[in-house]
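Let's take a walk through this structure together, one stop at a time. Have the sequence and the 3D view open beside you.

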Amino acid sequence: MGEIYATVHRHAAENPHKAAVVNEQGKVLSYQQLIEAVDARVQQFSSVVKTASSRVAFCLHEGERVPVIVLALNRLGVPIIPLNPTLQVSQLHHLIDAVDANVIIAEPATEYLFEKMGKSLQKIVVKPFAEVAPPAIELDQTAHGSYSHDEAFLISLSSGSTGDPKPIIFSEQNKLNRARQAEQSYQVTANDRILCASPFFHSLGQRLTLLPLLLGATLVQLTRFTANRWADLVERQQVSFTIPVSSHLHELVSLLTEESARFVSLRCLVSSSAAISGDVKQRLFDALECDFHEMYGASEVATATDLNRKQALAHPGSVGVPCPGVQLRIIDAQGEQLPDGEIGEILVSSPLASPGYYRLPEITECSFIEGYFHTGDLGYLDSEGYLYFVNRKKEIIVTGGMNIYPSDIESVLSEQVNVTTAVVVGIHDSYLGEVAVAIVVGEGDPRTLERALRGCVREKLSPYQHPLRYFFREQLPMTASGKVDKMALQDELNGLGMELSAKLRALQGDQ
């Protein structure tokens, strides 16, 4: 039996009638009802899930079924692999092969995705709770398997998974320690009502699902994010703590600042996944009285740095200082440590680091070197140890031999009052290799907005950093974990076959 299940079971014994899970429609599962539902699932799964050999993937839409099934599998002591139900059939099959899953738990809405997987994959279709009878007899609380210290409790796959997946291994102790880190960093207690608006197949969704249940707090679930649904649920359920991804915060900033009285229950907000613009941060500081933190980290190492409101004002642009036990290094392309102020790759040493990638020893060895995880992110440290995130290495646009960091341009574009969201990507150009283009969601006439943006860019950025083209959209494609899908934008724009440097070369007489 897993420690996570055992902890939740203790909370159920101590506070059986306390709300454990509340969904968007207001349906409540008390801790007692949660454990009853979990034990019913254990009874349902145990004839198929064999501890010694089972590797269980589940493909479910978000809702109260997810924590129930996670806890049931934890009680059975088997490795679990959450899958993204919005992926294509071929992608899901590829992922199942990559993690050697031999059992799949689906629901009626996702069962069809696995019809052609063959007899080697055993299938369990979960029905609504009302159709699953509670155990007729008391289940032995010591029965079933448990996890060794470094054994996989959960394997997390990237939300896109369009290429070769890198399945990240988490031991049960990893998840327990990460919950304790959040508890200590943000003073989360059993009295909090914690909103999870991220899917469980994403590491943030896992944290926000497990954290309240491990503390004996209340988990509030939002199954599909929109700014209005988020705001309504926070107000209606008196949410006190949550960790939105940065793209959600950019969409929420108008509601949070203009209708701040609706959010008096919020005790603490933490921004995750990517840096937020200075303008958005300042607007939130001016309007909200709750504690506000920004974090930097990666799934492989959890939260690496933390920045509170006071630190943000003193160190604008920083993503914080290392969390307890975490060490940072900045290295150049040759692996040499760089002095303060110089941009290089960010390396993280953390006691919360993953053991590595499942069945990928070479990639694990290349990613975790001498106790440091190579993040693939670029940044620098100042003399006081504050980290400044610059960009993902793979997002650097190399145009005519010059490196362009999209975040430099995005921060300037986002300063315009009529801009809701601005992203910059590199697209192929046969002459310069890549060129920068901007995709903007904004208000007003696009031609007028483009003139304003070009003027701002001319004033604040070097000529080589200017986007060669502006595209205006009503909305941007998002990944399932709530980030702007830059890869989708790049693929779409590359498909247009544009040669944007041609006009530039003509003006320069370089044809």
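M478 is partly exposed, with a relative accessible area of 35%; here buried means under 20% relative accessible area, exposed over 50%, and partly exposed in between, using a 1.4 Å probe and protein chains only. You are looking at a predicted model, in which local features need pLDDT of at least 70, side-chain atom pairs count only at pLDDT 80 or more, and totals for chains, interfaces and linings use all residues. Residues are numbered from 1 along each chain as its sequence is written, and side-chain values use heavy atoms, with hydrogens and water left out.

To find M478, go to the loop between β26 (469-473) and α14 (486-494). Helices (H or I, at least four residues) and strands (E, at least two) are DSSP runs, numbered from the N terminus. Leaving out residues up to four places away in sequence, M478 touches S247, E251, K483, V484 and D485, where contact means heavy atoms within 4.5 Å. The C-alpha atom of M478 lies 35 Å from that of Y147, and 331 residues separate the two along the chain.

Helix α7 (residues 227-237) and helix α8 (residues 246-258) pack at about 50°, with axes 9 Å apart; axes are lines fitted to C-alpha atoms, for helices over the stretch in contact, and angles run from 0 to 180 degrees between N-to-C directions. That angle makes α7 oblique to α8: under 35 degrees counts as roughly parallel, over 145 as roughly antiparallel, 65 to 115 as roughly perpendicular, and the rest as oblique.

α2 (residues 31-45) and α3 (residues 65-76) pack at about 60°, their axes 8 Å apart, which makes α2 oblique to α3. Among the residues in this contact are L34 and F45 of α2 and V68 and L76 of α3.

Our last stop is H293, in strand β13 (residues 291-298). Is H293 buried or exposed? H293 is buried, with a relative accessible area of 5%. Its side chain is joined to that of D291 by a polar contact of 3.0 Å. A polar contact is a pair of N or O atoms within 3.5 Å; within protein, one must be able to donate a hydrogen and the other to accept it, and residues adjacent in sequence count only if both atoms are side-chain atoms.
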